[in-house]
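Visitor: Please show me the sequence and the structure, and then let us discuss how some of the elements are arranged.

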Amino acid sequence: MRHTLGVLVENQPGVLSRVAGLFSGRGFNIESLTVAETLEQGVSHITLVTTGDEMIMEQIVKQLNKLVNVIKVIDFREVRFVDREMALIKVKAEASTRAEALRIVDIFRGKVVDVSQNFFTVEVTGDEGKIQAILDLLSQLGIVEVVRTGKVAIARSRKNSTKR
Amino acid sequence: MKLTGAQIFFESLKAEGVEVIFGLPGGVLLDLYDEMPKHDIRHILVRHEQGAAHMADGYARATGRVGVCLVTSGPGATNTVTGIATAYMDSIPIVVFTGQVPTALIGNDAFQEADIVGITRPCTKHNYLVKDVHDLARIIREAFYLARSGRPGPILVDLPKDVINAKAEYKSPKKIALQGYKPTTEAHMGQIKRAYAAIGKAKKPVIYAGGGVISSNAAKELKQLGESLRCPVTTTLMGLGGFPAPHELWLGMLGMHGTFRANMAMGSTDLLIAIGARFDDRVTGKLDEFAPSAKIIHIDIDPTSISKNVKVDIPIVGDCKDALKKLLQLVKESPIDDLEKVRKPWLDQIQKWKETYPLAYELKVDLSKPQYVVEKLYELSEGKAIIATEVGQNQMWAAQYYHFLEPRTLLTSGGLGTMGYGLPAAIGAQAAFPDRLVIDVAGDGSIQMCIQEMITAVENNLPVKVAILNNQYLGMVRQWQQLFYEKNYCSTCLKIAPDFVKLAEAYGALGLRAHKPDEVEAVIREGFASPKPVIMDFVVNPEECVYPMVPAGAAMTEMLLA
Ligand SMILES: Cc1ncc(C[n+]2csc(CCOP(=O)(O)OP(=O)(O)O)c2C)c(N)n1
Ligand SMILES: [Mg+2]
């Protein structure tokens with residue numbers, strides 16, 4: 001099973017390598033990982049997507065908590081949350097397919113952020129399902145390249161929010 | 001007044017109560033060593049940095065205090081890695097200080113630069129690169145605190161040359177502010193009650209204790225618990241000394257080379273009380289058949305140890321000592337009715353197992369047996385020595401035939417299984433206890449891995465006694481070749497060996513040899529009586545095997561007995 005975790009870390013040198021090293025050293029998977037600063041100075045937030053059964057997930061959460069620079073782990077199996085990802089998609093846009101491409105982007109409330117002779121670069125934000133859907137549709141027109149941010153997630157209820 | 005980094009280093013160490021450093025200097029540490037004579041701290045100069053790390057580790061295991069070592073950058077630092085990994089696997093509190101090239105050169109492949117913080121990240125509890133002298137006192141304070149608190153472990157602090165030279169106001173930080181580090185030490189009372197309810201119902205309980213009992217200084221409480229529940233006790237290799245071996249409730253060590261009765265008891269217990277142990281594969285054997293009929297209570301300070309390999313029914317996170325005290329309080333308040341009678345069938349069964357297959361070996365007149373040598377060491381030291389071991393058969397025979405009476409009397413590399421550990425560990429322990437008898441039970445293979453530290457022992461008047469069980473083989477590997485590889489003794493023969501007696505003499509130590517069983521006692525007596533470090537070379541049966549043995553991947557009750 002696929003799971004999302006939020007990890008609040010002290011923004012110390014090497015902290016990302018400690019987290020990544022934990023996963024590689026113990027044979028856990030990382031499907032995606034994003035990291036950025038929070039409102040609190042010196043504290044960063046990592047959203048991490050991983051896979052594992054019940055026992056492995058329990059280990060991952062405990063092992064993360066054990067790292068000295070990890071302040072808090074939010075296990076999104078236990079908390080209702082919203083997640084989003086952004087993708088930049090370079091899609092072929094020749095005379096015959098331009099209109100169709102724009103229509104699809106519009107339906108998904110995406111934006112064209114760069115245009116060249118033969119390509120559009122599209123920015124689209126959404127949950128996993130939405131990103132997958134637009135990729136499926138645009139791939140019929142010919143996708144040249146995709147770059148995705150990886151998932152970011154935040155808890156819905158205030159009580160278990162990622163704030164401390 | 002402003003102090004240099006070097007001065008702050010020594011002030012900080014004094015504030016931590018450090019009395020001895022094991023180390024070896026180098027270019028980037030010149031300023032630190034220049035400052036050293038001004039301070040009242042003993043420095044023991046090693047001959048290889050691996051030795052320094054093991055000495056700090058042996059010192060820590062024997063005393064319960066944090067061991068300290070100090071080495072230079074690059075190769076000095078990388079030489080400690082085996083020692084750090086050894087301490088990490090056995091949760092031993094040491095702080096390793098490494099010199100580093102000046103901060104401006106870091107990352108430039110400077111002379112004797114190694115990214116030791118990167119290298120040791122997976123084998124330290126935590127590590128630091130000090131970039132600013134203003135952080136130095138705080139980091140040293142945190143390093144010692146992290147090393148000894150929670151589940152103890154090694155901490156590395158990397159000290160660039162310019163930081164050692166820079167100046168700052170020295171203030172020892174009053175409070176430690178590690179927002180991500182708050183080990184749970186107090187056991188949850190609700191869980192303790194659940195555990196005691198399960199204990200009340202159990203017919204065939206077994207206490208399975210590990211190194212956590214030693215590191216939390218809970219041996220006294222463990223004995224009280226065993227006695228007040230009339231519950232048989234087994235320990236892991238790391239737990240030996242946590243429960244007195246001559247005790248009627250003692251099952252012996254469990255696991256791959258555990259006693260018949262301990263492993264059989266694990267096979268039929270209905271309640272396993274695991275205390276400060278981590279269900280290592282050398283203990284569980286085949287996982288599906290481990291303690292198949294047991295409910296499991298697990299007390300451990302490290303939540304990651306709980307339900308890692310084996311699903312636990314009643315987890316208790318906390319310091320072993322605290323948990324045991326709380327449990328003992330419950331036993332006192334509501335003791336189990338008719339305890340003698342309730343426990344009798346189970347203890348009778350265990351007695352039967354004990355009589356069927358006691359630990360045993362056969363002794364001939366003309367050829368010594370390693371087990372006999374260890375028994376004699378036990379007898380002649382009255383069980384009061386601190387025993388360090390190397391790794392292999394010697395280690396297992398020490399565990400089986402030296403009957404440990406007290407905690408912190410066995411220093412052995414359990415988790416990593418590091419050959420070469422024993423001699424430096426013994427030296428570290430001897431530095432802490434100059435008047436105690438410290439013995440390294442060694443193999444002829446392992447002893448050669450850190451033999452250079454003999455001169456450290458001689459120079460510092462640390463009269464450790466090395467007892468080599470000389471079987472002319474990398475014996476434990478040979479045993480597997482004998483049993484599972486049709487005696488294809490590829491690359492395990494050590495017949496071409498140095499003369500250990502002459503080697504001892506070359507180091508200025510005393511060298512002794514016993515060829516036959518009837519020479520063993522005299523050699524041990526002479527060795528113990530000498531004020532010098534001693535190497536005792538015991539020529540023993542080359543093809544002796546350690547039994548019982550659970551083959552890798554088999555269930556614990558499927559033991560080879562001879
Ligand atoms: C550093 C290291 N290298 C290799 C091994 C693998 N190993 C385990 S036991 C053993 C044999 C040890 O030989 P010796 O010290 O003579 O002890 P014996 O088993 O003969 O008592 C070896 C090579 C190890 N544990 N550690
Ligand atoms: Mg040998």
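This is a predicted model: local features need pLDDT of at least 70, side-chain atom pairs count only at pLDDT 80 or more; totals for chains, interfaces and linings use all residues.

Guide: Residues are numbered from 1 along each chain as written, chains are lettered from A and ligands numbered from 1 in the order written, and side-chain values use heavy atoms, without hydrogens and water.

Visitor: In which order do the four strands of the open sheet in chain A lie?

Guide: Strands are DSSP runs (E, at least two residues; helices are H or I, at least four), numbered from the N terminus, and two of them pair if DSSP finds at least two bridges between them. Strands E2 (32-37) and E4 (70-75) of chain A are the edges, each pairing on one side only. The pairing is antiparallel, and the order is E2-E3-E1-E4.

Visitor: Which residue of E3(A) is the bridge partner of Leu5(A)?

Guide: Strands E1 (residues 2-10) and E3 (residues 43-51) of chain A run antiparallel and are joined by nine bridges. Within E3(A), the partner of Leu5(A) is Leu48(A).

Visitor: How is H16(B) oriented to H17(B)?

Guide: The axes, lines fitted to C-alpha atoms over the stretch in contact, with angles from 0 to 180 degrees between N-to-C directions, come within 9 Å and cross at roughly 50° for H16 (residues 370-381) and H17 (residues 393-401) of chain B. Angles under 35 degrees count as roughly parallel, over 145 as roughly antiparallel, 65 to 115 as roughly perpendicular and the rest as oblique. The orientation of H16(B) to H17(B) is therefore oblique.
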